[in-house]
Amino acid sequence: MFRSGYYPTITPSHWGYNGTVKHVLGEEGTKALAFKGSKRRVPLHEFVTKHVPSLRDGANFKLNSLLFTGYLQTLYLSGGDFSKKFQVFYGREILKFSDGGVCTADWVIPEWEKKYSFNADKATFNEILFTKDSNATHPKSWPRLHPRTRYLSSEELEECHSKGESYPLVVVLHGLAGGSHEPLIRALTEDLSKIGDGKFQVVVINSRGCSRSKVTTRRIFTALHTSDVREFMNQQKAQFPQRKIYAVGTSFGAAMLTNYLGEEGDNCPLNAAVALSNPWDFVHTWDKLAHDWWSNHIFSKTLTQFLTRTVKVNMKELQVPKDFEVSHKPSVENPVFYTYTQENLQKAENFTDILEFDSLFTAPSMGLPDGLTYYRKASSVNRLPNIKIPTLIINATDDPITGENVIPYKQAKENPCVLLCETDLGGHLAYLDNENNSWLTKQTAEFLYNFDELVL
């Protein structure tokens, strides 16, 4: 770690398209799950082996033969043309939190496929009618939304919420540079919403300022601030106490999710969770992005500039006045986002390293000396030991964003509530097959479907 020099290297040992799954288990195995209508109890890893056979220990999977490295897989996922795939319709709700801030929830609305005459083969729908309805519900001065996404009317929102009586809920948390619109999230929500003939209600929580959501207070998302997730989960559980709730986190969203799970411990209201391509140790992730030649040149600047762009488009709300005085010493528990100035924004526009951004904006807001200190505190590997609900973890050793050093082998072995599935191929959230469909999202949907069907 912290190598002083670097240069492009080629590692054929990480090339290929025939992948293998490996279970990481401690001596005591995994926690036993109680089955519906039976006294039988089955350990989590045995449940996965039997009911999600594509994720059993030693299972093989085949990816796109043209995308034969984690870099190519990840590059195509971020830059390929998926405009005619994963055609999900979202209805947007603005979520208001106790601190006065907001984010947005994008609910998958399967009924709109019929309403808007969706043709899956041609990837077409009645855009004229959709645009008319969108214009009627769009809040004044809010940004235009991504394709097939519009705000819900009050009547539609009431109908959407009423489904809590009948459908288990899956909550999806997106990655650092994403939202409900990104291809991987659309693939995931499509698979989750269609499995079992529409068994689940599915919603994506877009973090503050993401996916064309506005920022309304001087506060933006960090990996340490899980209160938005907590408020939403608690509200859902309070409204429908008997409802089963599941969550899936992807990349940075997986870090936020597992931080939340570890903080909640035995009081967690969720029934099960899935963490995909989690950057468990942010220090190792930064080291990969900063010092691996390929990762640095391909991904580092893009991620850094996304964060800068998020600040820039929300600067009206984030910017501190010239005479701004910090009212108290910033801390993790009581942050003060006082470094959002035009001068700092101009500096950030030239940043190519994510550590520069977090050292200028994120760390000071919590009273931390630098970004590395923030990374050490925010790494979700710290809270993995206290996760108390069944949690499926999938990480690839050829992940070009996180690197394989982040994979928490020791901590996963010591916590029987989690099952770590290591794969040797897949890249960062990609796992694209020869039709550029996601193997990863299908396994996630299969796991949650069978868990909900069989487990108490």
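E113 is partly exposed, at a relative accessible area of 25%. Its side chain meets that of K194 in a salt bridge, 3.2 Å from N to O. The pair links distant parts of the chain, 81 residues apart. This is a predicted model. A search of the whole structure finds 17 salt bridges.

**Salt bridges**

- E113 sits in helix 3 (residues 112–115), and K194 sits in helix 6 (residues 183–198).
- K194 counts as partly exposed, with 46% relative accessibility.
- The side chains of K288 and D292 also meet in a salt bridge, at 3.0 Å from N to O.
- K288 has 18% relative accessibility and D292 has 14%, so both count as buried, the cut-off being under 20%.
- E349 forms a salt bridge with K312, and the closest N and O atoms are 3.1 Å apart.
- E349 lies in the loop between helix 12 (342–348) and helix 13 (354–365), while K312 lies in helix 10 (residues 293–313), so this bridge ties together parts 37 residues apart in sequence.
- E349 is partly exposed at 34% relative accessible area, and K312 is partly exposed at 48%.

**Domains**

- The domain assignment gives domain 1 as 75–106 + 161–281 + 381–454 and domain 2 as 298–376.
- The C-alpha centres of domain 1 and domain 2 are 25 Å apart.
- Across the two, 22 residues of domain 1 are in contact with 22 residues of domain 2.
- From the record, an unreviewed UniProt entry, comes the annotation "domain: AB hydrolase-1", covering residues 168–434.
- Over residues 168–434 the chain is 41% helix and 13% strand.
- The end C-alpha atoms of that stretch are 32 Å apart.

**Nonpolar surface patch**

- W15, Y17 and F68 make a nonpolar surface patch of about 280 Å².
- Y17 is found in the segment before strand 1 (18–24).
- Y17 has a relative accessible area of 32% and is partly exposed. Patch residues need over 30% relative accessible area, so Y17 passes that cut-off.

**Around L72**

- L72 belongs to helix 2 (residues 70–79).
- L72 is partly exposed, with a relative accessible area of 30%.
- Neighbours within four places in sequence aside, L72 is in contact with L66 and L67.
- From L72 to Q239 the C-alpha distance is 44 Å, and the two are 167 residues apart in sequence.

Key. Residues are numbered from 1 along each chain as its sequence is written. This is a predicted model: local features need pLDDT of at least 70, side-chain atom pairs count only at pLDDT 80 or more; totals for chains, interfaces and linings use all residues. Side-chain values use heavy atoms; hydrogens and water are left out. UniProt positions are given in the numbering used here, feature names are shortened, and annotations may be inferred rather than shown by experiment. Helices (H or I, at least four residues) and strands (E, at least two) are DSSP runs, numbered from the N terminus. Patches are made of residues with over 30% relative accessible area and no salt bridge: like charges are joined within 9 Å, nonpolar side chains (Val, Leu, Ile, Met, Phe, Trp, Tyr) within 5 Å. Accessible areas come from the Shrake-Rupley method with a 1.4 Å probe; for residues, only the protein chains shown count as cover. A salt bridge is a side-chain nitrogen of Lys or Arg within 4 Å of a carboxyl oxygen of Asp or Glu. Buried means under 20% relative accessible area, exposed over 50%, partly exposed in between (1.4 Å probe, protein chains only). Domain bounds come from an automatic or database domain assignment. Contact means heavy atoms within 4.5 Å.
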